[in-house]
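Colleague: Could you take me through this model? I would like to begin with a charged pair and move on from there.

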Amino acid sequence: MPAEIINGSRLAQQIRSQIRKQLKAFTFKPGLAVVQVGDDPASTLYIKYKQRDCAKVHFHSEVHRLSAEIPQQTLIDKVNELNARNDIHGILVQMPLPDTIDEQTIIDAITPNKDVDGLTPHNLGNLFINRERVTPCTPTGIIRLIEASGESIEGKHAVCVGRSHLVGKPVGIMLLNRNATVTYCHSRTTNLTEMTRQADILIAAVGKPEFITAEMIKPGAIVIDVGINSVDDHLVGDVKFDDVIEIAGYITPVPGGVGPLTRAMLLENTLKLASK
Ligand code: NAP
């Protein structure tokens with residue numbers, strides 16, 4: 001029997017509906033500021049979606065566009081200006097940044113209580129000691145998708161393929177915090193298929209189209225495909241969906257899986273920060 005598809009778009013819609021209900025208790029609009037440096041078309045599109053999502057839940061949102069040529073200090077000054085504003089509760093600096101700017105220095109400049117993507121050392125430190133406050137959007141969305149399968153995380157063997165600060169590493173910690181046994185794989189892992197075949201939960205966050213194939217899957221596994229790769233003008237994930245669906249127990253599609261949840265978690269985190 002083919003795997004059950006976990007529908008991220010539908011789940012995100014339910015989350016937005018809950019947010020609208022929670023917002024009724026507010027006397028002000030939660031505010032999200034997004035900063036874009038340069039004009040990368042993918043970033044422009046993602047930001048457009050984020051603004052549209054904000055409008056759906058009646059949040060205030062604004063985009064600050066800066067030239068790709070600005071010195072790093074100009075971006076730090078922009079972040080500090082937003083840190084100081086009372087009507088802005090969440091700040092997101094859209095990545096990637098130009099090579100002339102150090103991404104971590106910019107993340108460090110965001111005050112932790114406006115760090116809507118949970119990526120400052122303060123918030124990642126809290127995650128590390130199992131004091132989850134504002135957690136990174138994509139990993140948090142992945143946890144929601146796994147929970148939506150109805151399967152428990154505790155006691156499962158979770159294998160994360162990818163160890164980036166943005167996705168692989170924090171999602172592994174979140175799974176560990178929920179009592180999974182976690183294995184990290186990366187570009188230097190020598191026995192990848194042997195590892196992935198042991199996964200009850202497989203997180204594919206590699207950035208390589210259809211990298212995870214059917215023979216790498218344990219029958220019945222929960223497979224979460226984080227990858228977004230543009231191939232011949234359409235999007236494909238890191239998982240060879242058509243083959244893996246025949247082996248896995250649950251699978252997320254691309255598009256319509258992790259992407260909508262990442263954006264829904266951005267809204268949830270904005271609301272969380274606004275209610276503090
Ligand atoms: P990244 O920073 O490039 O990290 C990729 C990871 O994959 C690295 O840890 C790398 O290992 C590992 N890797 C590369 N080649 C490998 C191989 N042959 N075998 C095993 N591991 C390998 O990417 P990312 O930011 O984590 O993003 C991953 C993917 O998710 C991308 O397609 C990205 O667009 C997508 N993404 C989607 C969302 C969403 O909302 N849906 C959000 C964020 C990212 P090393 O550490 O050894 O280099």
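Modeller: At 38% relative accessibility, Glu81 counts as partly exposed (buried means under 20% relative accessible area, exposed over 50%, partly exposed in between, with a 1.4 Å probe and protein chains only). This is a predicted model, in which local features need pLDDT of at least 70, side-chain atom pairs count only at pLDDT 80 or more, and totals for chains, interfaces and linings use all residues. Residues are numbered from 1 along each chain as its sequence is written, and side-chain values use heavy atoms, with hydrogens and water left out.

Colleague: Which residue forms a salt bridge with Glu81?

Modeller: The partner is Lys78, with the closest N and O atoms 3.3 Å apart; a salt bridge is a side-chain nitrogen of Lys or Arg within 4 Å of a carboxyl oxygen of Asp or Glu. Both residues lie in helix H3 (residues 72-83), three residues apart, about one turn of the helix. Helices (H or I, at least four residues) and strands (E, at least two) are DSSP runs, numbered from the N terminus.

Colleague: Is Lys78 buried or exposed?

Modeller: Lys78 is buried, its relative accessible area being 14%.

Colleague: How many salt bridges does the structure hold?

Modeller: There are seven. One of them joins Asp53 and Arg263, whose closest N and O atoms are 2.7 Å apart. That pair links distant parts of the chain, with Asp53 in helix H2 and Arg263 in helix H10, 210 residues apart. Asp53 and Arg263 are both buried.

Colleague: And what does Glu268 meet in a salt bridge?

Modeller: Glu268 meets the side chain of Arg144, at 2.7 Å from N to O. Glu268 lies in helix H10 and Arg144 in helix H6, so this pair ties together parts that are 124 residues apart in sequence. Glu268 is buried at 18% relative accessible area, whereas Arg144 is partly exposed at 25%.

Colleague: What about phi at His58?

Modeller: His58 is not a glycine, yet its phi is positive, about 60°. The residue sits in the loop between helix H2 (41-56) and strand E3 (60-66). Asn130 likewise has a positive phi, near 60°, and is found in the loop between H5 and helix H6 (137-148).

Colleague: Next, pockets. Which residues line the second largest pocket?

Modeller: The lining consists of Leu124, Gly125, Leu127, Phe128, His165, Lys169, Pro170 and Ile173. A pocket is an open set of points on a 1 Å grid over the protein atoms alone, where a 1.4 Å probe fits, with protein on both sides within 12 Å along at least five of seven lines; lining residues have an atom within 4 Å of a point.

Colleague: Which helix gives the most to that lining?

Modeller: Helix H5 does, with four residues. H5 (121-128) and helix H7 (168-177) each supply at least two.
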